[in-house]
Amino acid sequence: MRGLVISFVIAAIASAGCSPSAQPDSTAASAAPAPTDPPLEPGRVLSALAPSNLARPRPKPPFEVTGNWFIDVSQNPEAWRFGPPYPKLTAVAQKHWDLAKKYTAEGKVYRDDIGQCWPAGLPLIMTRYWPMAMVQIPTAIYMISGFMNSVRIVYLDGRKHTDLDIIVRTYNGESIGTWEGDTLVVDTIGFRGDHHWMDQGGVAIPAGEQLHIVERFRMAGNQLEIEYTMTDPEHWEGEWKSTKRFNRVIDEDIQEVSCLPDLNEHLQSTTSKTQVLQ
Amino acid sequence: MKKVLFGAALVLACGVSALAHHSPAAFDRSKEVKLVGTVKEFRWQNPHTWIEVIVPDEKGKDVVWGVELTSPTYLVRAGWKSNTIKPGDKVTVLVNPVRTGEPAGIFRSLTLADGRVLTERPARLGTPDSK
């Protein structure tokens, strides 16, 4: 399946081009026959990979994120975390925070769902200790993490969020990107609220279904900067802000990575008596 | 005679706390255990490589220790290959043990029979010290 996704993305790049100069402008669109797709059923939106969507005239994007990116931990080895500072927690989240501190003090591991092969989900998937491959085409950015090959798609084609009554909730959510000047603003909702955490390793703050993340992407030389503004009224008060910087990696590609059924059998720390799973 | 030497308590400066896919809190970073034994299995895979080492305990009974390492992504940069060790090799492995006393730990260093020492590489891709 992962191989299929990667092939899918590569095919999209091959057909759509991934550099700004490869995007159609209005002149090119008028000079070449417009691609045609079968008519859509009522209520459907064009796929990000539909030929007519890819060929639609659009302004040249201010920057491209295509590349492999890795969280910058050169100044702070804990920079993968989104706190401290942490926001003021609600009673629901404070209970988990307190239990994590208690069990950590006892040398135990509280609710480490990622270690039990649950998806990291947004935001932690962005700062795992494996690179994130990003491929930008005119209609979307496809992100594939080197950690469990987790796939995240940021749609750039002007669509709106899916109705919450029919959205399939996921750990990475549904991301819609729009350009504001030289900044890409990505709005993400539709998260799963079970086995989903905002931190790891002694800090337990749940991520719930009300989680809403706004990311502001900017390019600064060879660094990608993403400013996070996160709200989840079920678990904390107000806005939780954090800014992350990612280095461009030119000598490493992501690989196939799975949490195989027998993985943890050989990683005794994940099955030891230190684990507090409930 | 192969033996397990429980080293003196050491405080290790290890700031890379999310190198694994799982929480590192299960390991006691203040302790090092020196395993002198024989490789049972070495699995070169993502997201983690692992070694099983057969180590006789104080009574001479063989105990299989599980050693957790980072991914090949970072081991290759530290000079490892998939055939660096194989079953039957005599090795000395330093680990930070799990807190429960079970025979398992997270990798610190490997000494081969020919005296070569291998470690891991910090996960700092995209920076000058990543190589």
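Me: As I understand it, helices are DSSP runs of H or I with at least four residues, numbered from the N terminus. Which residue just after H4(A) takes a positive phi?

Reply: That residue is Gly107(A), with a positive phi of about 80°. Please note that this is a predicted model.

Me: What should helix H4 of chain A span, and how far apart are its end C-alpha atoms?

Reply: H4(A) covers residues 91-105, which is 15 residues.

Me: What else is in chain A, in terms of helices and strands?

Reply: Chain A has 4 helices and 11 strands. It contains 278 residues, of which 39% count as buried. Among its contacts between residues at least 6 apart in sequence, 59% join residues at least 24 apart.

Me: How confident is the predictor about chain A?

Reply: The mean pLDDT of chain A is 87, and 88% of its residues reach 70 or more. Residues 1-30 of chain A, however, have a pLDDT below 50. In the model that stretch has 35 contacts beyond near neighbours in sequence.

Me: Let us turn to chain B. In what order do its elements run?

Reply: From the N terminus on, the order is β-β-β-β-α-β-β-β. That amounts to 1 helix and 7 strands. Chain B has 131 residues, and 42% of them count as buried.

Me: Which strands of chain B supply at least two residues each to the side that touches chain A?

Reply: Overall, 32 residues of chain B are in contact with 34 residues of chain A. Strand E4 (62-68) and strand E6 (104-111) of chain B each supply at least two residues of that side of chain B. The residues on this side divide into 14 nonpolar, 13 polar and 5 charged.

Me: Is E6(B) mostly covered or mostly open?

Reply: E6(B) is mostly covered, with 6 of its 8 residues buried.

Me: Which sense does E6(B) take in its pairing with E4(B), parallel or antiparallel?

Reply: E4(B) and E6(B) pair in the parallel sense over 3 bridges. Within E6(B), Gly105(B) stands opposite Val67(B).

Me: And how many bridges join E5(B) to E6(B)?

Reply: There are 6 bridges between strand E5 (residues 90-97) of chain B and E6(B), and these strands run antiparallel. E5(B) and E6(B) form a hairpin with 6 residues between them, and in its turn Gly101(B) has a positive phi of about 90°.

Me: What about E6(B) and E7(B), how many bridges there?

Reply: E6(B) pairs with strand E7 (residues 117-118) of chain B over 2 bridges in the antiparallel sense. Val117(B) in E7(B) stands opposite Thr111(B). Their hairpin has 5 residues between the strands, and Gly115(B) takes a positive phi near 95° in it.

Me: Last topic, the core. Which residues touch the most other members of the largest nonpolar core?

Reply: That core has 86 residues, and those touching the most other members are Met134(A), Ala140(A), Ile141(A), Ile51(B), Val53(B), Val67(B) and Val93(B). In soluble globular proteins, nonpolar side chains tend to be buried together.

Me: Which residues does Ile141(A) touch?

Reply: Leaving out residues up to four places away in sequence, Ile141(A) touches Val65(A), Met134(A), Gln136(A), Val154(A), Leu156(A) and Gly177(A).

Technical notes: Residues numbered from 1 in each chain as written. Chains lettered and ligands numbered in written order. Contact = placed C-beta atoms within 7 Å. Nonpolar A, V, L, I, M, F, W, Y, C, P; charged D, E, K, R; others polar. Buried ≥ 20, exposed ≤ 12 C-beta atoms within 10 Å, placed from the backbone. Pairing = 2+ DSSP bridges. Expected span 1.5 Å × (residues − 1). pLDDT = per-residue confidence, 0-100. Core = buried A, V, L, I, M, F, W, Y, C linked by C-beta atoms within 7 Å.
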